[in-house]
Amino acid sequence: PTNIENICCIGAGYVGGPTCAIIASKDLDISVTVVDLSQPRIDEWNSSRLPIYEPGLQDIVEAARDGSGLNPVTLHFSTDVKGAIHRADLIFISVITPTKTVGVGAGQAADIKYVEAAAREIAEVATSDKIVVEKSTVPCGTAEILRDIFDAVGDPQVRFEVLSNPEFLAEGTAIADLLSPDRVLVGSEGTPSALEAASALADVYSSWVPRERIITLNIWSSELAKLSANCMLAQRISSINSLSAICEATGADIQEVSHSVGLDKRIGPNFLKASIGFGGSCFKKDVLKLVYMAETLHLPEVAAYWKAVVDIKNGKRTALAGTTVDGKRIAILGLAYKKNTGDTRESPAIDFMGSMLAEKATLAIYDPKVSYNKIIHELGELFGHEAVARYVKPCENAYSACRGASTVVIMTEWDEFKTDRLTLPPALDLGDLTASRLTTPTVKRADSVSSGIPSSQSEDRSSCDDDGLLSPGTPPTNTNSPAPELINQAQ
Ligand code: NAD
């Protein structure tokens, strides 16, 4: 099809939901249906409480999903995967591509079984020509696997065109990124019919993206460009963190070093904030995808180079372990891996809490966008429901989390932790802080790691979502009440 009237997106997640909401709000002639296997997730998308938080998303979804004034209903959420595939001219595959946990390549290679399952479903259901678009971040060469599936399973009368159109949005700024992307990649196999399909997809984006930012390229370049962008961003974070280790040992100040280095126009200031390593669902797995690809291509030096990016991150994180906090109350402010999202995947807060729970600390947790149930459920799955029921106390705000705490750990750079801190009420009972301060060398190290972290990272725009850095800001300036010791940490 060269004129797209009906779009289906398989996977109603952090990428599928916001991306389709924007398409549906910009292309009023196109009907967009986002499908998912998870009924609860779809129910949430159809409710006033969306399953993910992104600034600006709610209004856009509601306008397109419910229609308003002269605007038609253009956005639908459904679990009828087959029906939506059947009707669609163009289908985005936007399912997860996690790291394999078993079999060949376990711990590094991408598990593309969800992408393959979606392709098989499309092949089985399609009775008319389809443009199938890889939206998920996949290893270079995945399009060939999809092509094989369509050739083997699909109706020979149906033409399947496979395109690569990776997503570069960052969680927390998804709507702004989607509305004004640095570039949109449309990769195709380069045959006349593939180029026609690429042009049809480019037309969809051209409703709001300037043509010069829509790049058509070969499909393997497109797949690899997305992986490469994430790897380069992760590499910058690990580079600055490796330098912060040298600062700690020498008395140099990483904040001054990073500022000075970033002023060089050839280098630039973004992604140069020291932290305890990147978080989020994408950076680690995407770097490991590249490592595994390099290994299978017999490029051991290339694999070792990129592997170091992940190793440096892990080294930083374990610097927090081993603190003695038995019986103490630790306030954890923030659980999401960065501000303006409720996503906790690969959040450094989780690693940290695991080590604190092992030490039998009581954890008073507050995050503006992570619900009580999610905290209890996710931590319970990871660390045991019994331990979580006993030691984890989700709190309704930062003040109640801090009350009586010996230590406050700012894990996520939510703005409210920076601004509210200045207005702590004098009457706030912060407990016996001086008596129970944590003074182990490990925690001190964590403190000094973080002391070089600047207070905002909002100008950074990552390609996956995972700019992953946390920037908690400076210690409290409130002089009216005793402040808890702050261990500032960054992701
Ligand atoms: P997600 O977990 O939020 O959403 C994936 C959804 O797909 C889930 O709701 C799941 O139930 C559904 N699903 C899985 N298999 C299905 C099937 N066969 N049929 C129907 N639904 C199915 O994942 P995400 O964060 O949106 O990531 C999706 C892809 O996009 C990944 O490859 C990721 O690397 C990439 N990506 C993510 C981001 C991000 O910010 N999260 C940014 C850019 C790219």
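This is a predicted model: local features need pLDDT of at least 70, side-chain atom pairs count only at pLDDT 80 or more; totals for chains, interfaces and linings use all residues.
**View 1. Leu 272 and Ser 275 in the loop between α10 and α11.** Leu 272 is found in the loop that runs between α10 (254-262) and α11 (283-296), and Ser 275 is found in the loop between α10 and α11 as well. Leu 272 counts as buried because it has 21 C-beta neighbours inside 10 Å, where the cut-off for a buried residue is 20 or more. When its neighbours within four places in sequence are left aside, Leu 272 is in contact with Arg 236, Ile 240, Ser 258, Val 261 and Gly 262.

**View 2. Thr 97 and Thr 137, two residues of another "binding site" annotation.** In the unreviewed UniProt entry this annotation covers Asp 36, Arg 41, Thr 97, Thr 137, Glu 171, Lys 285 and Arg 345. They span 310 residues in sequence and their farthest two C-alpha atoms are 23.8 Å apart, so they do not all gather at one spot. Thr 97 lies in the loop between β4 (90-93) and α5 (113-125), while Thr 137 is found in the loop between β5 (130-134) and α6 (142-153). Thr 97 is buried, with 22 other C-beta atoms within 10 Å, and Thr 137 is buried with 26. Apart from neighbours within four places in sequence, the contacts of Thr 97 include Thr 137 itself, together with Ser 136 and Val 138, and also Ala 110, Asp 111, Ile 112, Tyr 114 and Val 115.

**View 3. The crossing of helices α1 and α3.** The axes of α1 (residues 16-26) and α3 (residues 57-66) come within 9 Å and cross at roughly 50°, and the two helices are therefore oblique to each other. The crossing in which α1 passes α3 is left-handed. On α1 the contact is made by Pro 18, Ala 21, Ile 22, Ala 24 and Ser 25, and on α3 by Leu 57, Ile 60, Val 61, Ala 63 and Ala 64. Of the residues in this contact, nine are nonpolar, one is polar and none is charged.

Note on methods:
Residues are numbered from 1 along each chain as its sequence is written. Helices (H or I, at least four residues) and strands (E, at least two) are DSSP runs, numbered from the N terminus. A residue is buried if 20 or more other C-beta atoms lie within 10 Å of its own, exposed if 12 or fewer, and partly exposed in between; C-beta atoms are placed from the backbone. Two residues are in contact if their C-beta atoms, placed from the backbone, lie within 7 Å. UniProt positions are given in the numbering used here, feature names are shortened, and annotations may be inferred rather than shown by experiment. Axes are lines fitted to C-alpha atoms, for helices over the stretch in contact, and angles run from 0 to 180 degrees between N-to-C directions. Angles under 35 degrees count as roughly parallel, over 145 as roughly antiparallel, 65 to 115 as roughly perpendicular and the rest as oblique. A crossing is left-handed if the near helix is turned anticlockwise from the far one by less than a right angle, and right-handed if clockwise. Ala, Val, Leu, Ile, Met, Phe, Trp, Tyr, Cys and Pro count as nonpolar, Asp, Glu, Lys and Arg as charged, and the others, Gly among them, as polar.
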